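Please keep the sequence and the structure in view while reading the points below.

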Amino acid sequence: MAGGGGGAVSPLGPVPPMWYHRDLSRAAAEELLARAGRDGSFLVRDSESVNGAYALCVLFQKHVHTYRILPDEEGFLAVQTSQGVQPKRFKTLPELVSLYLQPSQGLVTTLLYPVDREETAVSDDRDYSDGEDEKPPLPPRSASTSTPPGPDTPTDSAPAANGLSTISHEYLKGSYALDLEAVKQGACSLPHLNKTLVSSCKRLNGEVDKVLSGLEILSKVFDQQSAFMVSKMIQQSVNQGGDQELENLVTKLAILKDLLSSIEKKALKALQDMSLSSPCTLPPLSMRHSKAIPVQAFEVKLDVYLAELTKIGKSQKYTLSVDVEGGRLVVMKKVKDSQEDWTTFTHDKIRQLIKSQRVQNKLGIVFEKEKDKSQRKDFIFASAKKREAFCQLLQLMKNKHSNQDEPDMISVFIGTWNMGSVPAPKSVASWVLCRGLGKTLDEMTVTIPHDLYVFGTQENSVCDREWVESLRAMLKEHTELDYKPIAVQTLWNIKIAVLVKPEHENRISHVGMSSVKTGIANTLGNKGAVGVSFMFNGTSFGFVNCHLTSGNEKIARRNQNYLDILRLLSLGDKQLSSFDISLRFTHLFWLGDLNYRLDMDIQEILNYINRKEFDPLLKVDQLNLEREKNKVFLRFAEEEISFPPTYRYERGSRDTYVWQKQKATGMRTNVPSWCDRILWKSYPETHIVCNSYGCTDDIVTSDHSPVFATFEVGVTSQFVSKKGLPKSSEQAYIEFESIEAIVKTASRTKFFIEFYSTCLEEFKKSYENDSQSSDNVNFLRVGWSNKQLTTLKPLLSEIEYLQDQHLLLTVKSLDGYESYGECVLALKSMIGSTAQQFHTYLSHRGEETGNIRGSMRVRVPSERMGTRERLYEWISVDKDETGGPKGKSTLVSRVGHEYVKSVNPFFFF
């Protein structure tokens, strides 16, 4: 809420007026005013663009007019006026509104009819757990809701709960008077204030000591003079208290500042001196190998066309042996008398893999025979799963023997599990190895370590440290690698833990963590979400683990939970605050116990499950139905579900669903449902493939089964130009010829566009739109010609860099500087000498709000046109197989979400 607190007068007055709608969205405000229907209808809501500000929304002649109410430095409120006009200032919102209830005060119309907010009583929905317990589980005993894996792990979560706010209030309420009395009697110190400060800084003192201890070790190696000072300071800090303790903390902070600013320079000089006298090298991280991958053999048949059968006879059997460690593929043909004929191809002689889209177990392999000459052979595998395993092994081989310093592609494991407030069994190997039901990995590839592991749990009563250590031990048992925890975030018993291969630890940066409560009245943390975000080299990742409201009938509440999390979870680049988290990351993964149920009679559900007929059930799955209506998870993707509902099983077995429970209020029904889900949303023209999506069938401690998914994800490096910064003649440009948007609004204000991208030094703004029209009162068409649009200059001009970049756009109003819709565009398909068309949807706060189209080009100078093939581009998809044998197929770009697809006819041009 925008209103202030503390001892000052609240800008809302003693009681918030009914026409004040708190954080109501702009779109929802317009809907309420349209329903009111009378000129002069008004309401006030929080501003979406400025914290602490408000928006006065007024209906006049079927259009909504918005006025910003801004606080000044003294806390007075005023309606934003034109330059040079003296604003009228008020202490409270009711005082301000009372003025504009009078005629001729400068608004488009007099305020006549307040539109009151719809007060919803907090229902006692007993939404405490999936078991509908009588009282909510207590939060974990740990002092903090987030547990970073170590003192050096950066976080972006809420401020640490060091009690400063509470202690300060206690001082001002009580001890302050004692200090005042002491001063009146001639005292020269404030013992009670000093005690307050010492108590508040105890945690800080401990953290500083930890950092100094670490720096002491570095100083002993690189700067012995500083090492002596640090050691002395650490010794002095023991057994000191009162005034000395506070003074000592200030001194330590000063020394810490000096050390941090100088240690790197001193270390560099020391290492340079060492390298001149006796060169030595430290073992690289990559030497900590996982266990070797054995040679894997695949039995296949050569696929030949009818015209060729007469030449070679019937289809021939082959064995394809993949030696990942040795970088070789052996193609062995079985001939008469048990003799064999084989050919060995090194990794660099395998030019391309071409997957058949029509025949799921068919694969074309293009071999390099001689210089500039290649040969394609098509093979039929035993199953589609075998074909995928073969492709995965060859990609791994290519990557292992690549001369690239940084990876183009990584493998990500994601797991979600509602543990039912019971500790995990001794082994959960099937979860980590993706064994069980649904789309699972082939046995040849299950033990290959993934680059990232993300574990989301709900109703997890195990303490953070114990949970993370158990995950690390399990991963080490199966991979022989010491995975590094990069983030752990907890809200009550909702946890997310992210672990990374040791070789990638230094590629992770900008780690952020956050949580949102959505339990009763949004104050209890038994329901809600935890999130983690970070950069992997040049690619941004976001992960959200949630536990939404339970109950078959509570669809609207779950939808609202999702929208609250989308809006309030604080993750990613703070410059992108205009965008919700679904647009802040190259790849966003959303997992958890979403609690959406099946709308079907229980007996019908059980019959379909027994027959393993899931399609009829998926058609009545509440999440699928809500997504089809664009109510939640707009433009997210989910792999096809081919495993049975994961909830609600009888504990100790996976043979029986328990769907009835006797309650004090009567019999409660929990129909079997796919509560546990994994979805994702990626920027357009990025590479992401889901290789598995299923659930375990042997972990039975909870009434939920663990769910797993694995992904092949394209990543970019922190690009360094080999040619340096571009000269003016070598500068790339992003140029727009025109942009036109249709936005869902009853407003008739003017608009501008803001452009954001990591390839820009700072965000840029267009001028206001120079064309505007409307065929429908609820929609507005706005356009910008070339002269209103800014030419953008990327930081680097190489095509290899630009083809991985994206541009975020937000359409904002001039009256309230609030966003009416956001979108993302890929630069890759816009590169060229001629302008290219784009057309995509706009969304705001999880709702589709219109669409946008235009013409643009990314002009790259010829000197900067050099590029290379990415590892994931090495595999293509062959769509057209109606003719004879094909040559090299064109790669089909994978997109993270679709372009324009809307249920509203007004959204189309």
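Thr716 has a relative accessible area of 16%, and it therefore counts as buried, the limit being under 20%. The model that shows this is a predicted one. The points below begin with Thr716 and then turn to other parts of the chain.

**Thr716 and its surroundings**

- Thr716 belongs to the loop that runs between strand 26 (707–714) and strand 27 (733–744).
- Leaving aside residues up to four places away in sequence, Thr716 touches Phe536, Asn537, Gly538, Thr539 and Asp804.

**Arg870 and its polar contacts**

- Asp804 is also among the residues touched by Arg870, together with Asp408, Glu800 and Gln803, again not counting residues up to four places away in sequence.
- Arg870 sits in the loop between strand 35 (847–859) and strand 36 (875–878).
- The relative accessibility of Arg870 is 4%, so this residue counts as buried.
- The side chains of Arg870 and Asp804 are joined by a polar contact of 2.5 Å.
- A polar atom of the Arg870 side chain also lies 3.2 Å from the backbone oxygen of Glu800.

- Seven strands form an open sheet with mixed pairing, in the order 14-25-26-13-15-17-16.
- Strand 14 (437–439) and strand 16 (484–491) are the edges; each has a single partner strand, so one side of each has no neighbour in the sheet.
- From one strand to the next, the twist averages 10°.
- Within this sheet, strand 13 (residues 409–418) pairs with strand 26 in the antiparallel sense, over eight bridges.
- Ile410 stands opposite Val713, a residue of strand 26.
- Helix 11 (residues 464–479) lies across strand 15 (452–458), strand 16 and strand 17 (494–500), and runs at about 40° to strand 17.

**Aromatic pairs**

- A pair of aromatic rings is described by two quantities, the distance of the centres and the angle of the planes.
- The structure contains 32 aromatic pairs.
- In the pair of Phe345 and Phe367, the ring centres are 4.1 Å apart and the planes are at 25°, so the pair is stacked.
- Phe345 is in strand 9 (residues 340–346) and Phe367 is in strand 11 (residues 362–370), so this pair ties together parts 22 residues apart in sequence.
- Both Phe345 and Phe367 are buried.
- For Tyr453 and Tyr483, the ring centres are 5.1 Å apart and the planes are at 90°, so the pair is edge-to-face.
- Because Tyr453 lies in strand 15 and Tyr483 in the loop between helix 11 and strand 16, their pair ties together parts 30 residues apart in sequence.
- Tyr453 and Tyr483 are both buried.
- Tyr453 and Tyr483 also belong to a cluster linked by ring pairs, which includes Phe413, Trp417, Trp431 and Phe455.

**Leu59 in strand 2**

- Leu59 is located in strand 2 (residues 54–60).
- With a relative accessibility of 4%, Leu59 counts as buried.
- Leu59 and Glu30 are 29 residues apart along the chain, and their C-alpha atoms are separated by 8.5 Å.
- Not counting residues up to four places away in sequence, the contacts of Leu59 include Leu33, Gly37, Arg38, Val64 and Thr109.

**Cysteines**

- How many disulfides does a search of the whole structure find? The search finds zero.
- Cys57 counts as buried at 2% relative accessibility.
- Cys391 is buried as well, with a relative accessible area of 2%.

Technical notes. Residues are numbered from 1 along each chain as its sequence is written. This is a predicted model: local features need pLDDT of at least 70, side-chain atom pairs count only at pLDDT 80 or more; totals for chains, interfaces and linings use all residues. Side-chain values use heavy atoms; hydrogens and water are left out. Helices (H or I, at least four residues) and strands (E, at least two) are DSSP runs, numbered from the N terminus. Buried means under 20% relative accessible area, exposed over 50%, partly exposed in between (1.4 Å probe, protein chains only). A polar contact is a pair of N or O atoms within 3.5 Å; within protein, one must be able to donate a hydrogen and the other to accept it, and residues adjacent in sequence count only if both atoms are side-chain atoms. Contact means heavy atoms within 4.5 Å. A disulfide is a pair of cysteine sulfur atoms within 2.5 Å. Two strands pair if DSSP finds at least two bridges between them. Axes are lines fitted to C-alpha atoms, for helices over the stretch in contact, and angles run from 0 to 180 degrees between N-to-C directions. Rings of Phe, Tyr and Trp (its six-membered ring) pair if their centres lie within 6.5 Å; planes under 30 degrees apart count as stacked, over 60 as edge-to-face and the rest as tilted.
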